[in-house]
Amino acid sequence: MDTLPRLERIIAERRKADPQASYVAQLHARGLPVIARKVGEEAVETAIAALTGEREELVGEAADLIFHLMVLLSAKDIPLDAVLAELDRREGVSGLDEKASRSE
Ligand SMILES: N=c1c2ncn([C@@H]3O[C@H](COP(=O)(O)OP(=O)(O)OP(=O)(O)O)[C@@H](O)[C@H]3O)c2ncn1[C@@H]1O[C@H](COP(=O)(O)O)[C@@H](O)[C@H]1O
């Protein structure tokens, strides 16, 4: 249940680790454009797995996507809570109404 908050804490800790010993630190050392590109790649791999892969493959790709998205949020100093609050704000509002309010 608290998987994402736990992962957020781990990512925050590992940011300062040795890039030779930590993938999170390595991503931060490579910089925001690389992290952003990884999110894009993992999103595409997730979409492909949904269309062509086995269930297990989609689960794996979705986990990669969420992990890299969490690294991106960390790199931009955006707490997970900000995203969860935005989702809470949308709760009970039809997605179609949300879409209409954005195009106004
Ligand atoms: N959840 C994850 C996680 N999911 C995926 N990955 C890594 O993400 C990478 C994705 O693989 P790809 O093939 O797409 O990328 P790659 O070719 O290895 O690397 P690139 O050169 O393309 O960046 C792999 O190296 C995976 O090991 C993760 N690495 C770390 N975590 C979590 O982060 C914690 C800290 O990890 P370290 O920073 O490595 O200690 C771990 O304990 C986990 O909880």
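This note describes a predicted model in numbered points, from the whole chain to single residues.

1. Basis of the model. Residues are numbered from 1 along each chain as its sequence is written. The model is predicted, with local features requiring pLDDT of at least 70 and side-chain atom pairs counting only at pLDDT 80 or more, while totals for chains, interfaces and linings use all residues.

2. Confidence. The chain has a mean pLDDT of 94, and 99% of its residues reach 70 or more; pLDDT is the predictor's confidence in each residue, from 0 to 100. For the complex, the predictor gives an ipTM of 0.91 and a pTM of 0.91.

3. Overall build. The chain contains 6 helices and 0 strands, in the order α-α-α-α-α-α along the sequence. Here helices (H or I, at least four residues) and strands (E, at least two) are DSSP runs, numbered from the N terminus. Along the principal axes, the C-alpha atoms fill a box of roughly 45 × 35 × 30 Å.

4. Burial and contacts across the chain. Of the 104 residues in the chain, 12% are buried. A residue is buried if 20 or more other C-beta atoms lie within 10 Å of its own, exposed if 12 or fewer, and partly exposed in between, with C-beta atoms placed from the backbone. Among contacts between residues at least 6 apart in sequence, 42% join residues at least 24 apart. Two residues are in contact if their C-beta atoms, placed from the backbone, lie within 7 Å.

5. Helices α3 and α4. Helix α3 (residues 32-52) packs with α4 at an angle of about 160°, and their axes are 8 Å apart. Axes are lines fitted to C-alpha atoms, for helices over the stretch in contact, and angles run from 0 to 180 degrees between N-to-C directions. The two helices, α3 and α4, are therefore roughly antiparallel to each other. Angles under 35 degrees count as roughly parallel, over 145 as roughly antiparallel, 65 to 115 as roughly perpendicular and the rest as oblique. The crossing of α3 and α4 is left-handed; a crossing has this hand if the near helix is turned anticlockwise from the far one by less than a right angle, and is right-handed if clockwise. Residues making the contact include Leu32, Ile35 and Val39 of α3 and Leu58, Leu65 and Leu72 of α4. By class, the residues of the contact of α3 with α4 divide into 14 nonpolar, 2 polar and 6 charged. Ala, Val, Leu, Ile, Met, Phe, Trp, Tyr, Cys and Pro count as nonpolar, Asp, Glu, Lys and Arg as charged, and the others, Gly among them, as polar.

6. Helices α1 and α4. The axes of α1 (residues 3-14) and α4 (residues 55-75) come within 10 Å and cross at roughly 55°. For that reason α1 and α4 are oblique to each other, and their crossing is right-handed. On the α1 side, Leu7, Glu8, Ile11 and Ala12 meet Met70, Val71 and Ser74 of α4. The contact of α1 with α4 has 5 nonpolar, 1 polar and 1 charged residues.

7. Pro5 lies in helix α1 and is partly exposed, with 13 other C-beta atoms within 10 Å. The C-alpha atoms of Pro5 and Gln26, 21 residues apart along the chain, are separated by 21 Å. Arg15 is placed in the loop between α1 and α2 (23-30). With 16 other C-beta atoms within 10 Å, Arg15 is partly exposed. Leaving aside neighbours within four places in sequence, Arg15 is in contact with Val24, Ala25, His28 and Ser74. Between the C-alpha atoms of Arg15 and Ala62, 47 residues apart along the chain, the separation is 22 Å.

8. Arg37. This residue is found in helix α3. Arg37 is exposed, with 12 other C-beta atoms within 10 Å. Arg37 and Arg90 are 53 residues apart in sequence and 27 Å apart in space, C-alpha to C-alpha.

9. Asp77. Which backbone angle of Asp77 has a positive value? Phi of Asp77 is near 55°, a positive value in a residue other than glycine. Most residues other than glycine have a negative phi. Asp77 lies in the loop between α4 and α5 (80-90) and counts as exposed, with 8 C-beta neighbours inside 10 Å.
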